[in-house]
Amino acid sequence: MKTVRLAHETDFAGWRDGARALVNAGVLPGEARFGVGCNDNGLFDEPLSAVGGPAIVVPRRFLELAQEVVLHRTADRFDLLYRLLWRMRERPDLLHVDSDADVADALERARNVSRASHKMKAFVRFREVEDDAGEAYVSWFEPAHRVVEKTAPFFVRRFTTMRWSILTPDLSAIWDGERLVYAPGASRQDAPGDDRLEDFWRAYYASIFNPARLKARTMQGEMPKRYWRNLPEAVLIPSLIAQAGRRTEDMRASPASESRKQTARAVARPARASSPHEGKVLDDLAELRPALQGCRRCDLWRHATQGVAGEGPRRADLMLVGEQPGDQEDLAGQPFVGPAGKLLDRALQAAGVDRENAYVTNAVKHFKFEPRGKRRLHQSPDAGEIGACRWWYEQELALVKPKVVVALGATAARQVLGRPVSLMKERGSPIDLGGGVTALLSIHPSFALRTPGEAEKARVVALLEGDLRMAAKLVG
Amino acid sequence: MAVLELKRKLQILSDAAKYDASCASSGSNKRNSMGGRGVGSTEGMGICHAYTPDGRCVSLLKILLTNFCIFDCVYCVNRVSSNVPRARFSVDEVVQLTIGFYKRNYIEGLFLSSGIIRDSDYTMEEMVEVARRLRRDHDFRGYIHLKLIPEASPRLVELAGLYADRLSVNIELPKDESIATLAPEKDVGVIKKAMGEVRLRLQAARPGKKDRTPPPRFAPAGQSTQMIVGADGARDADILDRSAALYGSYQLRRVYYSAFSPIPDSSRRLPLVKPPLAREHRLYQADWLMRFYGFERQEIVAGGEGGMLDLDIDPKLAWALKHREDFPVDVNTADRERLLRVPGFGVKSVDRMIRVRRHQRLRLDDVQRLCRNLEKVRPFIVAADWTPGSLTDSTALANRLRPAVEPEQLALF
């Protein structure tokens with residue numbers, strides 16, 4: 001049996017040199033052992049014939065894993081790493097086989113170490129002390145594995161401007177505001193026994209606990225008992241658990257009390273009316289937006305953010321009607337502000353129409369969509385929804401009194417003409433709606449956005465521009 | 001005397017805040033206190049500094065600025081008609097408590113909410129002032145979560161996003177009809193508009209490729225919301241419908257589900273039963289399946305009965321038992337999407353299996369080392385040395401995988 005003596009518990013460099021020598025000497029994993037502490041023979045019980053030797057190439061992943069595993073408190077961690085190193089020479093891809101017993105074992109120990117480090121970040125509790133240089137903070141902590149050096153830089157980054165020390169049985173980390181140094185392990189008596197805010201912290205801990213949801217096992221899984229003795233709040237746990245049932249029962253059993261006079265008065269205020277205008281014929285366009293928010297004529301209001309009213313002058317000769325608000329319009333509460341709106345703006349400009357002078361609205365006022373993860377897929381409104389929304393379109397029409405209405409797309413065409421429409425057959429020529437209003441059908445800007453190929457897209461955009469130009473001419 | 005009073009305020013105003021389930025301190029931009037005047041860091045992963053015996057994590061100092069409130073939401077402990085003790089912190093008291101707790105490593109930061117006093121802007125302004133002082137006067141670089149008052153003016157929303165890591169507006173209840181009856185002063189339209197505005201601002205704060213200077217910071221940890229489960233008659237299907245629409249519309253990081261639990265001085269209008277914790281748990285699982293496992297909400301809901309999820313078994317298993325024809329799945333050949341649908345496999349174990357099978361064929365003991373519960377998985381998979389035979393289709397399977405009695409959480413003492 002060859003034994004490698006390591007300088008200290010986390011002596012990764014010593015393990016690496018020893019392991020390299022052992023591999024080069026052809027020592028099987030079963031015949032090698034690593035131990036911490038000095039003995040008379042120096043590095044090896046049985047000196048190896050070829051100490052050192054050529055470097056062994058290992059994947060970076062192994063080095064990272066090994067440095068973690070070394071911090072584990074189990075005695076055989078170095079032997080496990082040597083066994084892995086040995087087996088990797090035969091099987092270079094070994095580390096990718098997470099289900100191999102040795103690999104799984106090493107990964108599990110690395111996970112334990114990582115968890116211990118995470119719990120150290122969570123469960124260190126500082127206590128304030130005063131010295132000649134002012135305030136400083138001291139903690140006594142007992143990490144599950146040897147993670148002080150791994151974790152101390154986290155505290156440096158977080159508490160750079162504080163002077164602090166974390167004392168543990170293994171090692172102490174001391175930060176003076178500029179340099180991080182390590183000192184030998186300490187004992188509980190070296191740390192202060194109390195802090196002026198601990199009582200406040202316990203008060204908070206007890207108050208934030210909800211006795212009606214007792215789940216002590218879940219708590220203990222995440223905050224194992226081994227940490228409790230250094231957590232100032234943990235002394236409360238037994239009594240909080242013991243009283244939880246009675247407190248919940250009291251809440252349930254005690255009848256609701258009569259509310260005080262002034263609170264009762266406050267409550268007497270009328271509840272917010274859902275919509276003052278819904279159902280009534282509008283006198284003014286300014287009433288449209290608030291009225292829309294109470295619309296329940298179809299079910300689209302339920303998942304949409306808001307009803308989106310048309311925008312533009314109170315009286316306009318030209319009215320543009322789109323399909324429905326899209327994602328961006330639904331959020332902003334304005335029609336045609338998303339990608340299709342941008343395209344419409346460019347087309348209007350090309351056709352010499354000032355959007356400011358036109359009334360821009362949609363055939364359907366709420367966004368219809370199907371949620372897909374973090375996105376919303378547009379869905380076309382059906383005949384029932386278009387019909388339900390006709391009420392609003394007709395009010396806009398009556399108030400704006402346009403000469404020309406341009407319907408953008410099939411949904412708008414259906415709303416404007418009040419019947420199903422074959423868009424491509426009927427677009428391009430003016431349709432008399434009676435009452436001095438002329439309708440013109442065109443394509444929806446988003447149709448151009450969806451058209452593949454630059455040339456074809458340009459053709460579709462030109463079509464839209466031509467129709468808008470004709471509309472402008474009809475307005476006169 | 002003054003000290004005692006502050007402690008009493010802390011008790012009242014944390015007791016009043018505990019029904020908000022959110023405690024996340026993760027997902028913000030990485031920063032630390034090096035080179036600064038103060039303390040604080042966020043490094044991506046959240047840290048839970050303690051757990052209370054309700055199994056919930058304590059990550060942030062979660063308090064209300066005040067529990068005085070002019071609203072009368074029936075389910076809320078702080079409603080105006082409740083006779084609970086009232087208190088109000090000064091801005092400076094919250095700042096000092098946050099810094100004091102943070103320096104002792106009790107917390108990751110602050111989660112500040114408030115009852116509505118006077119009016120929405122007055123309340124929001126005070127909350128923003130707490131955050132401003134922490135950031136500007138104390139150079140505090142820890143985590144800040146601010147609750148948005150839905151009616152607050154755009155200027156205050158902008159400032160809140162400038163100082164806070166996360167913003168949230170609570171949708172409160174799954175159905176608009178129940179908000180109208182149980183929270184008469186709240187307006188779902190206004191709540192949704194507030195979320196929409198936050199999303200537009202989050203979008204605007206994302207640096208574009210052509211930007212020479214990055215746009216001003218806005219809530220780098222995004223927004224979240226909370227729904228109360230069990231205070232109204234909504235079915236799980238309604239709840240998941242609402243969640244899916246909220247995730248899609250406002251790109252929420254999280255929807256929190258909070259089982260309605262008995263509160264002190266409760267209203268006569270709500271029956272005080274045991275909080276439906278199992279239901280809350282199943283909803284979280286369903287939420288997870290929708291976001292990370294490629295399930296549609298209709299599929300999940302169909303796993304249960306009458307729009308309610310099965311309380312005895314998890315929603316993935318419930319779905320699988322109704323879709324036996326899709327199983328067994330061969331762990332050596334199936335694609336990731338199909339593996340994720342196997343009950344008992346999580347995202348991590350699936351990714352490990354896919355890595356390992358590039359190097360060798362998976363046997364049953366490989367699978368055992370890569371996932372938690374082999375017994376649950378076994379009927380649904382084929383491995384190099386295993387086929388479930390008629391086990392997958394056996395009628396007894398559902399009973400075998402269904403726990404005999406829902407194990408009650410036992411007290412430790």
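Chain A contains 18 helices and 14 strands, as seen in this predicted model. Its C-alpha trace covers about 110 × 70 × 45 Å along the principal axes. The radius of gyration of chain A is 38 Å, whereas a compact globule of 476 residues would have one near 23 Å. The domain assignment divides chain A into domain 1 (2-118), domain 2 (124-190), domain 3 (198-246) and domain 4 (285-475). Between domain 1 and domain 4 of chain A, the C-alpha centres are 71 Å apart.

Helix H2 (residues 60-69) and helix H4 (residues 101-123) of chain A have axes that come within 8 Å and cross at roughly 60 degrees. H2(A) is therefore oblique to H4(A), and the crossing is left-handed. On the H2(A) side, the meeting residues are A:Leu65, A:Glu68 and A:Val69. Their counterparts in H4(A) are A:Ala106, A:Arg109, A:Ala110, A:Val113 and A:Ser114. Sorted by class, this contact of H2(A) with H4(A) comprises 5 nonpolar, 1 polar and 2 charged residues.

H3(B) contributes B:Asp121, B:Met124, B:Glu125, B:Val128, B:Ala131, B:Arg132 and B:Arg135 to the contact. From H4(B) come B:Leu156, B:Leu159, B:Ala160 and B:Tyr163. The contact of H3(B) with H4(B) has 7 nonpolar and 4 charged residues, and no polar ones.

The last feature to consider is where the two chains meet. In this interface, 79 residues of chain B are in contact with 76 residues of chain A. Helix H6 (residues 188-205) of chain B supplies the largest share of the chain B side, with 6 residues. By class, the residues of chain B on the side that touches chain A comprise 32 nonpolar, 26 polar and 21 charged.

How values were computed. Residues are numbered from 1 along each chain as its sequence is written. Chains are lettered from A and ligands numbered from 1 in the order in which they are written. This is a predicted model: local features need pLDDT of at least 70, side-chain atom pairs count only at pLDDT 80 or more; totals for chains, interfaces and linings use all residues. Two residues are in contact if their C-beta atoms, placed from the backbone, lie within 7 Å. Helices (H or I, at least four residues) and strands (E, at least two) are DSSP runs, numbered from the N terminus. Ala, Val, Leu, Ile, Met, Phe, Trp, Tyr, Cys and Pro count as nonpolar, Asp, Glu, Lys and Arg as charged, and the others, Gly among them, as polar. Domain bounds come from an automatic or database domain assignment. Axes are lines fitted to C-alpha atoms, for helices over the stretch in contact, and angles run from 0 to 180 degrees between N-to-C directions. Angles under 35 degrees count as roughly parallel, over 145 as roughly antiparallel, 65 to 115 as roughly perpendicular and the rest as oblique. A crossing is left-handed if the near helix is turned anticlockwise from the far one by less than a right angle, and right-handed if clockwise. The radius of gyration is taken over C-alpha atoms; the globule rule is 2.2 Å times the number of residues to the power 0.38.
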